[in-house]
Amino acid sequence: MAHQIILPRTMQIGKDASKQITETLASLNCSKPLLITDNVMVELGYADRITSYLAEHSIALDVFSDTVPEPTVSSISAGVEALRAKPYDCIIALGGGSPIDSAKAIGILGKYGGEMRDYKFPRVVNEEGLPIIAIPTTAGTGSEVTRFTIITDEQTSEKMLCVGSGFMPTAALIDFSLTLSLPQRVTADTGIDALTHAIEAYVSRKANLYSDAQALSAMALIAPNLRTVFADGKNENAREAMMLGSTLAGIAFSNASVALVHGMSRPIGAAFHVPHGLSNAMLLPAVTAFSIPSAPVRYAQCARAMGIATQGDSDDLANQKLIGELKALNADLQVPTPKDFGIDKEAFFTITSTMAEQALASGSPGNNPRIPTIEEMIAIYISLWD
């Protein structure tokens, strides 16, 4: 069976890759960019840095910085208005997954119109949007190399999964130096998000030889370095490994899809405003334990790629080590339970059925090695509490 692989047209990878912005614009024959970012990037001076690079080449840059941590229909609408104010010919997306996801949605809506819910899965959006140059500042979402965006519908609290080549950035400048100032919590949450991408891509029912290679490489880069960057954010070697691992994990899941962790994670984030990587971390050990019986060899290979099991270990032992490591990683990275995060118990237990239904509707659980029932997903949600 042949598999279609979708990637950005061009990527610059390594320290100071973001300085290649002018050359990248020229290669795309673009000269009127809108920078889409968030207020944190403005406050940290990263937006000014991009503006300065372009000013040196007489390219003016307007900035839209009103994206929000979990993009919503309203925040996207504001971005579309900004995009339509002038004849921009491309978008520069600067920041973590949320600004890049926002830019993807704005690029499609700005060009084709309609409502965001018109573009949610199961529709596949292959129409070509405005060119996007993605500059990630976290090692986590991999959004710079994926054909997905996730937007919350405030009316229903649904995190809408939008899929298609139209959401793939045209170019990506992957500069690990932009992650050196990340706070510990963001470092941990985005890092576990990237690890989850790699694991789920590898065990996905849509996995293929190409995505397997990316996923295994990503796990080998992320697993030994995540604790290091959490403890010492200025460690450049570890930051570089995490950034490349995140990108490879993004390529893997963009071409193999994510599975049950992500399907169940999105409703937690939408209902209780839990950061995406953190809700993934809450779920990863429990969902992995649930899924291992249906793919013991695959999960054992994950443990070996992560360096926590040897080739001589049996699959059963490797999988025991994997579950132990995922629990230990959560402890070391101070991942809270839903209770510790401050979620109201009654509110959480009341909505578990709705969250399970939303997870199923997203399609992601169908990619899991063990496809759950609604009742099984509810049981997993409940098990997270203590």
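Me: How are H6 and H10 oriented to each other, parallel, perpendicular or oblique?
Reply: Bearing in mind that this is a predicted model, helix H6 (residues 184–203) and H10 pack at an angle of about 140°, with their axes 9 Å apart. Because angles over 145 degrees would count as roughly antiparallel and 65 to 115 as roughly perpendicular, H6 and H10 are oblique to each other.

Me: Which residues make that contact?
Reply: H6 contributes Asp193, Thr196, His197 and Glu200, while H10 contributes Leu260, Val261 and His262. Sorted by class, the contact of H6 with H10 holds two nonpolar, three polar and two charged residues.

Me: And how many residues of H10 are buried?
Reply: Twelve of the 13 residues of H10 are buried, so that the helix is mostly covered; among them are Leu260, Val261 and His262, as well as Arg266 and Phe272.

Me: What span should H10 have for its number of residues?
Reply: At 1.5 Å a residue, the 13 residues of H10 (residues 260–272) should span 18 Å, and the end C-alpha atoms are 19 Å apart, which agrees. Just after H10, His273 takes a positive phi of about 55°.

Me: OK, on to H11. Where does it bend?
Reply: H11 bends by about 40° at Leu284, and a proline, Pro285, follows within four residues. Its 16 residues (276–291) should span 22 Å at 1.5 Å a residue, and the end C-alpha atoms, at 21 Å apart, agree with that.

Me: Is H11 enclosed or open to the outside?
Reply: H11 is largely enclosed by the rest of the structure, because 14 of its 16 residues are buried.

Me: Changing topic, what is phi at Ser257 and at Ser58?
Reply: Most residues other than glycine have a negative phi, but Ser257 has a positive value near 80° and Ser58 has a positive phi of about 60°. Ser257 sits in the loop between helix H9 (236–254) and H10, whereas Ser58 is in the loop between helix H3 (46–55) and strand S3 (62–64).

Me: Buried or exposed, those two?
Reply: Ser257 is buried, with a relative accessible area of 9%, while Ser58, at 71% relative accessibility, counts as exposed.

Me: Last one: which residues does the cis peptide bond join?
Reply: The cis bond joins Phe121 and Pro122, with omega at about 25°, and Pro122 is found in the loop between helix H5 (97–112) and strand S5 (132–136).

Notes
Residues numbered from 1 in each chain as written. Predicted model: local features only at pLDDT ≥ 70, side-chain atom pairs only at ≥ 80, totals over all residues. Heavy atoms only, no water. Helix = DSSP H or I, 4+ residues; strand = E, 2+ residues; numbered from the N terminus. Expected span 1.5 Å × (residues − 1). Buried < 20%, exposed > 50% of the residue type's maximum accessible area, 1.4 Å probe, protein only. Bend = angle between axes of the 7 residues up to and from the residue. Axes fitted to C-alpha atoms, helices over the stretch in contact; angles between N-to-C directions. Parallel < 35°, antiparallel > 145°, perpendicular 65-115°, else oblique. Contact = heavy atoms within 4.5 Å. Nonpolar A, V, L, I, M, F, W, Y, C, P; charged D, E, K, R; others polar.
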